[in-house]
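The sequence and the structure are shown first.

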Amino acid sequence: MSRILLFTGKGGVGKTTCAAATALTCASRGQRTLVMSTDPAHSLADALDTPLGPEPAEIAPNLWAQEVDMYYSMRKYWGNMRELVRTVLRWQGADAVAAEELAALPGMGEGSALLWLEKFYTSGQYDVIVLDAAPTGETLTLLTLPQVTQWWLQKAFPLQKAAFKTVGFAVRKTTGVPLDKGYEELDWLFGKLGEIQEVLQNPEVTSARLVMNPERMVIQEAKRAYTYLQLYGYGVDSAIVNRVIPDDEGGVMARYVEAQTGYLREIEETFAPLPVLRVPHLGREVFGLDLLREIGAGLYAERDPAAVFHSEPAYRVEPEGDAYRVEVHVPHAEPGAVEAEQFGDSLVVQIANQRRNVTLPAFLSYYHFAGADVEGGWLRARFVPET
């Protein structure tokens, strides 16, 4: 079973460097390792100091690297689906240019990354897959894409599958446009997205690692990322503090080092019980395999980078007398900032502008939602028997 390590954080904190160093360290331990960049603004090739393309390329013993390209993936794998979307848009009145541009589905960039990931994970050809993800907001888009695409499919193509395939076959026979094949491709694609989401939400397989610098704004974003990753059911196993300046640094950096000491203490307290790993500032730009090996050695020492450093559930159901309590981990969320309500078979949890539909166990359909509160980083929603 492959391990998946997902690196995310605010733009500019050095997550690509940490991801590349981790991948190189895994490879040096004999683990077949792939490092993938899912960030549209790719910088993985710069960090590795070697050209990369849209397919994996071996760049060192046991190490492959890839920069995912949406348009390459669409041309290679999803030509029928693109023709389907284009044709539907033309039927709905879009002109040819607009239909061509809009044929790239919402989230297709993120979907490309997930489909590559599903392919590599299922094949078992790599022991470790390291994702150099986009900055935090885009990463959340990536991880919530399967639910969004299912909604999109139902709204864009409301016909029943059998009916659509019948109509599509007739259209293909008369016009040559493969609508039925495109729908099958689209349906297959969304199925694969659902499968890989289950893998990403398995903490024994996938660990998210939060990369940050010892700076106020960066720490605040990392805290929000931790909250939202847990809200959506993704395991976080460590926090990585990059570019830590040595305490003995004097001169013009003395004041920065003093502030950094307070921020490091805050990080240790805030993210406990997560392990907090530190990367010292090397005093120079980091690129190339030699410097990445140095980063990896300082980051992990004798640890196996592919190990699970911390495992904590993000969702649980507990009995409470004749009632039940559904708990969702929302670390650092302020009690007044969290809203929850039952809607059908889901518990809808809202934190600021982020929302998650938590699917409830079937037996809770016979219970009544009796409110929720936040305590100790957990949202606790109570369900009592119907009277």
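In which helix is Lys-223 found? Lys-223 is found in helix α10, where helices are DSSP runs of H or I with at least four residues and strands runs of E with at least two, numbered from the N terminus.

The model is predicted: local features need pLDDT of at least 70, side-chain atom pairs count only at pLDDT 80 or more, and totals for chains, interfaces and linings use all residues. Residues are numbered from 1 along each chain as its sequence is written, and side-chain values use heavy atoms, without hydrogens and water.

**Lys-223.** This residue is buried (under 20% relative accessible area, 1.4 Å probe, protein chains only), yet Lys-223 has no salt bridge (a side-chain nitrogen of Lys or Arg within 4 Å of a carboxyl oxygen of Asp or Glu). Glu-266, the nearest side chain of opposite charge, is 4.5 Å away. Beyond its neighbours within four places in sequence, Lys-223 contacts (heavy atoms within 4.5 Å) Thr-270, Phe-271, Pro-331 and His-332.

**Cavities.** There are 3 cavities of 30 Å³ or more, a cavity being a set of points on a 1 Å grid where a 1.4 Å probe fits but cannot get out, with lining residues having an atom within 4 Å of a point.

| Cavity | Volume | Lining classes |
|---|---|---|
| Largest | about 60 Å³ | 3 nonpolar, 6 polar, 2 charged |

In the second largest cavity, β6 supplies the largest share of the lining, 3 residues.

Definitions and conventions: 1 Å grid on protein atoms, 1.4 Å probe; cavity = no way out; pocket = protein on both sides within 12 Å on 5 of 7 lines; lining within 4 Å. Points joined across faces, edges and corners; volume = space filled by probe spheres on them. Nonpolar A, V, L, I, M, F, W, Y, C, P; charged D, E, K, R; others polar. Buried < 20%, exposed > 50% of the residue type's maximum accessible area, 1.4 Å probe, protein only. Lys, Arg positive; Asp, Glu negative; His and termini not counted.
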